[in-house]
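I opened a new structure today and kept notes as I went. My entries follow the order in which I looked things up.

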Amino acid sequence: MNARLTAALLAALALPASAEYVPKDARLGVVYAMPLGDVYDSGIGAEIHYRLWYWETTAVSVIGSLQQWELSENSEFAQEADFTGFKGSPAFLQVGAGIDEQRELSDHVRLNLHADIRYCNGLSGAKLQLSNGDFSRQQSVDVSDAIIGAVGVGLEVEINRDWTLYVEAGLQGGLIPGEIASGTIKMDNELEAPLLRAGTVIKF
């Protein structure tokens, strides 16, 4: 498997020269995250996987995703701020590369195994909305960059020749978690979470 992964990544480097001879498709869909730590309550976003099938059952992919994660009222931000109202939703732009391996379960259903690594950029402009009675104020949130990895298992169901639907369950973790800070509080940006993905596959 390591030899195949290495060969797939080397093939991806040759993309400009060889892409027109390789079957390709794009997975377009939504992703829902259920964070395991105390920093976030949930996350939701959209993503695209542009896949090139260099082998019959193995593809390499380029991935882009935009997600927004809701800060938890159980986080240190809420506990130390001493405010009754607390809202904040940092946004993340993710780009990366992955590999997919497929097995046919029937004529129209395929099992898809997925693994990827991503660079996660915390977009600027996130705010905490703190309130206590009639008083409220905003406080900026700074999120440093992180490197995350994810794995998933899903099904792709072919509706017709050009249209396929997919569902996937997965898990992601912070390889280099980065930090999240607001005011005097700073802590690890905990991005570990089970994931649910669903969407459509478009063939080219």
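**Entry 1: ring pairs**

I counted 5 aromatic pairs. My rule was that rings of Phe, Tyr and Trp (its six-membered ring) pair if their centres lie within 6.5 Å; planes under 30 degrees apart are stacked, those over 60 are edge-to-face, and the rest are tilted. I looked up tyrosine 40 and phenylalanine 92: their ring centres are 6.3 Å apart and their planes stand at 80 degrees, so I noted the pair as edge-to-face. Tyrosine 40 belongs to strand 2 (residues 40-52) and phenylalanine 92 to strand 5 (residues 91-104), so I was looking at distant parts of the chain, 52 residues apart. I took strands from DSSP runs (E, at least two residues), numbered from the N terminus.

A note on the source: this is a predicted model, where local features need pLDDT of at least 70, side-chain atom pairs count only at pLDDT 80 or more, and totals for chains, interfaces and linings use all residues. Residues are numbered from 1 along each chain as its sequence is written, and side-chain values use heavy atoms, with hydrogens and water left out.

I then checked tryptophan 69 against phenylalanine 92. This aromatic pair is also edge-to-face, with 6.3 Å from centre to centre and 80 degrees between the planes. Tryptophan 69 lies in strand 3 and phenylalanine 92 in strand 5, 23 residues apart. Are tryptophan 69 and phenylalanine 92 buried or exposed? Both are buried, which I read as under 20% relative accessible area, with exposed over 50% and partly exposed in between (1.4 Å probe, protein chains only). Tyrosine 40 is buried as well. Ring pairs link Tyr40, Trp69 and Phe92 into a cluster.

**Entry 2: the core around the rings**

I looked for the largest nonpolar core and found 19 residues in it. Such a core is a set of buried Ala, Val, Leu, Ile, Met, Phe, Trp, Tyr and Cys residues joined through side-chain atoms within 4.5 Å. Which residues touch the most other members? They are Val39, Tyr40, Trp69, Leu71, Phe92, Ile180 and Leu191. Strand 1 (24-33), strand 3 (58-71), strand 10 (146-160) and strand 14 (193-203) each give two or more residues to this core. Strand 10 gives the most, with 3 residues.

I listed the contacts of tyrosine 40, where contact means heavy atoms within 4.5 Å. Leaving out residues up to four places away in sequence, tyrosine 40 touches Pro35, Trp69, Glu70, Leu71, Ser72, Pro90, Phe92, Ile180, Asn189, Glu190 and Leu191.

I moved to glycine 29, which lies in strand 1. Glycine 29 is buried, at 16% relative accessible area. Its C-alpha atom is 5.7 Å from that of glutamate 47, 18 residues away along the chain. Residues up to four places away aside, glycine 29 touches Gly45, Ala46, Glu47, Tyr166, Ala198 and Gly199.

Tyr166 sent me to arginine 27. Arginine 27 lies over the face of tyrosine 166, 4.1 Å from the ring centre. I called it a charge over a ring if NZ of Lys or CZ of Arg is within 6 Å of the ring centre and within 35 degrees of the ring normal.

**Entry 3: salt bridges**

I counted 13 salt bridges, each a side-chain nitrogen of Lys or Arg within 4 Å of a carboxyl oxygen of Asp or Glu. Arginine 110 pairs with glutamate 156, with the closest N and O atoms 3.5 Å apart. Arginine 110 is in strand 6 (residues 109-122) and glutamate 156 in strand 10, so the bridge ties together parts 46 residues apart in sequence. Arginine 110 is buried at 14% relative accessible area, and glutamate 156 is buried at 1%.

Arginine 197 and glutamate 168 meet in a salt bridge at 2.8 Å, N to O. Arginine 197 sits in strand 14 and glutamate 168 in strand 11 (residues 163-176), so this pair ties together parts 29 residues apart. Both residues are buried.

I also looked up lysine 186 and glutamate 179, whose closest N and O atoms are 4.0 Å apart. Lysine 186 is exposed at 56%, whereas glutamate 179 is partly exposed at 38%. Salt bridges that share partners join Asp25, Arg51, Asp100, Arg110, Glu156, Glu158 and Lys203 into one network.

Key:
Helices (H or I, at least four residues) and strands (E, at least two) are DSSP runs, numbered from the N terminus.
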